[in-house]
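These are my notebook entries on a structure I looked through, written down in the order in which I checked things.

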Amino acid sequence: MNQLLILSPDAEEYARLLAPYALEQLTIHTASHYTTLDPAQLKAINLVLGDPPWLVKLLAHLPELQWVQSTFAGVNALCAPQLPRHYQLTNVKAVFGPSMSEYVFGYILALERDLLRARMQQQQHRWQPFPYRSLVGLTLGIAGLGDIGQHLASTAQHFGMRVKGLKLQAAVVPQVDEVYTVAELSQFLQELDYLVITLPATTQTQHLFNATALAQLKTEAVLINVGRGACVDQVALTQCLKARQLRAAVLDVFAEEPLAADDPLWDLEQVYITPHQAAVSVPADIVKIFVRNYQRFQQGQPLDYLIDFTRGY
């Protein structure tokens, strides 16, 4: 009998959604926080459906662990070299693209149509037409062309944008006009109106967007980070914004979360901050992935979305 631990603030919701599937040879245990668990309770657990940052706290107490289905797309918390790797790790794909597109293009449209200015003028009872730009012909750079990046590229094409993409390894990607590798970062950054970062946190992407890289962007460019905070040198970005070397930054992720209350980014008028919620995990979507993978696990088949611990994705 497989022993599944659901470790999430939404643990009971996950269990409720799993119940109708009546999965064979599966006993379900739930925990809405890792601190509620006694290490002795974990010795028989061989499967986990859960949030990576919490699971990190428990890995040393899970000797029978065989497979973890992350509830997040990002699993860098579990890929640190000092952590145990005696199990298979799978993440979530093909569910966050629509939400990420809504977030990214919500901000792009707000900036190009100057919606905040329109709202301010309404509050002032002031009728004053102002100029704006169409997205047609603007250049969008997407750093990270996984399923989220590809969905963004498809959305950009609907708006008539030119799309440049950055991949860790060379490949042809549909909906992307030009694809560059990390070795070609400088060329990739040229002429961008918007840079959207969707990359995972790995040794290769750590501070990829440092002071040197940021200096390659146009002063009219906007940086949008919905990937991982570690991909951007936050100190360099702050200095760049203070010096008005970028038009704006839309930031959903940070090097340390939550962002410290005294961090200077909060007070920069051209910075738009959200608390890591550009695309949240929806239990109903995650459960479908888990069920499909559990069936594969039972049959001894390769799991979908298997993570390479060394690469981090």
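Predicted model: local features only at pLDDT ≥ 70, side-chain atom pairs only at ≥ 80, totals over all residues.

I began with Ser281, which touches Tyr14, Thr71, Phe72, Phe96 and Ile286 when residues up to four places away in sequence are not counted; contact here means heavy atoms within 4.5 Å. I found Ser281 in the loop between β12 (271-273) and α9, where helices (H or I, at least four residues) and strands (E, at least two) are DSSP runs numbered from the N terminus.

Residues are numbered from 1 along each chain as its sequence is written, and side-chain values use heavy atoms, with hydrogens and water left out.

I then looked up Gly227, which sits in the loop between β10 (222-225) and α8 (234-242). Is Gly227 buried or exposed? Gly227 counts as buried because its relative accessibility is 4%, the classes being buried under 20% relative accessible area, exposed over 50% and partly exposed in between (1.4 Å probe, protein chains only). Beyond its neighbours within four places in sequence, Gly227 is in contact with Ile197, Thr198, Leu199 and Val253. The C-alpha atom of Gly227 is 8.4 Å from that of Gly74, although 153 residues separate them along the chain.

For the interior I searched for nonpolar cores, that is, sets of buried Ala, Val, Leu, Ile, Met, Phe, Trp, Tyr and Cys residues joined through side-chain atoms within 4.5 Å. The largest nonpolar core has 49 residues, and those with the most contacts inside it are Leu18, Val104, Phe105, Leu140, Ile224 and Phe290. Helix α9 (residues 283-298) gives the most to this core, with seven residues. Another core, of 32 residues, lies apart from it and includes Leu192, Leu199, Leu217 and Leu237.

The contact is made by Gly97, Pro98, Met100, Ser101, Val104 and Phe105 of α3 and by Ile148, His151, Leu152, Thr155 and Ala156 of α5.
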